[in-house]
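Work through the exercises below with the sequence and the structure at hand. Each task is followed by a solution in steps.

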Amino acid sequence: MKYLITITVTSLMMLFVMPTQAQQNADSLAIQTILQEEVTSWNSGDAATYSKHFAEKGTFTNIRGMFFTGHQQFLDRHEEIFKGMFAKTVLQQQVVSFRFLSPEIAIVETLTRITGFPKNGSPKAIYVDSSGRLHTRLLQVFQKQAGDWKIVVYHNVDLKPDTPVPAQR
């Protein structure tokens, strides 16, 4: 009897855990796809695609510490920088931390590197290393809304001159 109860409990646990793990794998893949879209759209200067997963009421802090709220402001800022200081730059992102707080909330931190600034100088008040690279840490909080993953918090911090930059893989 004790053996039968153990098998029943184990079977029930597997029924609940297996779909959860499968769903988490699907959600991880969906978020990783968004991260790859960010790189591709940045590198082509496509603000609309870069912004498409940003939530209507999301918040955004840029590397200068400026704070914005809402999808439209996120889109507007990226249209502006893709035509200005970040025109024709190249973004690389490396995930350094990715975890789910719940089935509907995920936090992703990436180490980013931006290259391709014009030879006549980088944007004002932004540290670019001797190889012409801007390094940042980008923290994004994703929330599943109506079945789609949206960025509800986007917080980007540039690495200062005395901050060691981990090697990118």
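**Exercise 1.** Which element gives the most to the lining of the largest pocket, and with how many residues?

Solution. The model is predicted: local features need pLDDT of at least 70, side-chain atom pairs count only at pLDDT 80 or more, and totals for chains, interfaces and linings use all residues. Residues are numbered from 1 along each chain as its sequence is written, and side-chain values use heavy atoms, with hydrogens and water left out.

Step 1. A pocket is an open set of points on a 1 Å grid over the protein atoms alone, where a 1.4 Å probe fits, with protein on both sides within 12 Å along at least five of seven lines; lining residues have an atom within 4 Å of a point. The largest pocket holds about 350 Å³ of space, a volume filled by probe spheres set on the points.

Step 2. The lining has 23 residues, and F60, N62, I63, I81 and F86 are the closest to the pocket centre.

Step 3. Two or more lining residues come from each of α3 (71–83), β3, β4 (105–115), β5 (134–145) and β6 (148–158). Helices (H or I, at least four residues) and strands (E, at least two) are DSSP runs, numbered from the N terminus. The answer is α3, with 4 residues.

**Exercise 2.** State how many helices and strands the protein chain has, and give their order.

Solution. Step 1. The count is 3 helices and 6 strands.

Step 2. Read from the N terminus, the order is α-α-β-β-α-β-β-β-β.

**Exercise 3.** Which residues have the most contacts inside the largest nonpolar core?

Solution. Step 1. A nonpolar core is a set of buried Ala, Val, Leu, Ile, Met, Phe, Trp, Tyr and Cys residues joined through side-chain atoms within 4.5 Å; buried means under 20% relative accessible area, exposed over 50%, and partly exposed in between (1.4 Å probe, protein chains only).

Step 2. The largest core has 30 residues, and W42, F86, L134, F142 and Y154 have the most contacts inside it. Its largest share, 5 residues, comes from α1.

Step 3. Take W42: beyond its neighbours within four places in sequence, its contacts (heavy atoms within 4.5 Å) include H78, I81, F82 and F86.

**Exercise 4.** Is V95 buried or partly exposed?

Solution. Step 1. V95 lies in strand β3 (residues 90–102).

Step 2. V95 has a relative accessible area of 33%, so V95 is partly exposed.
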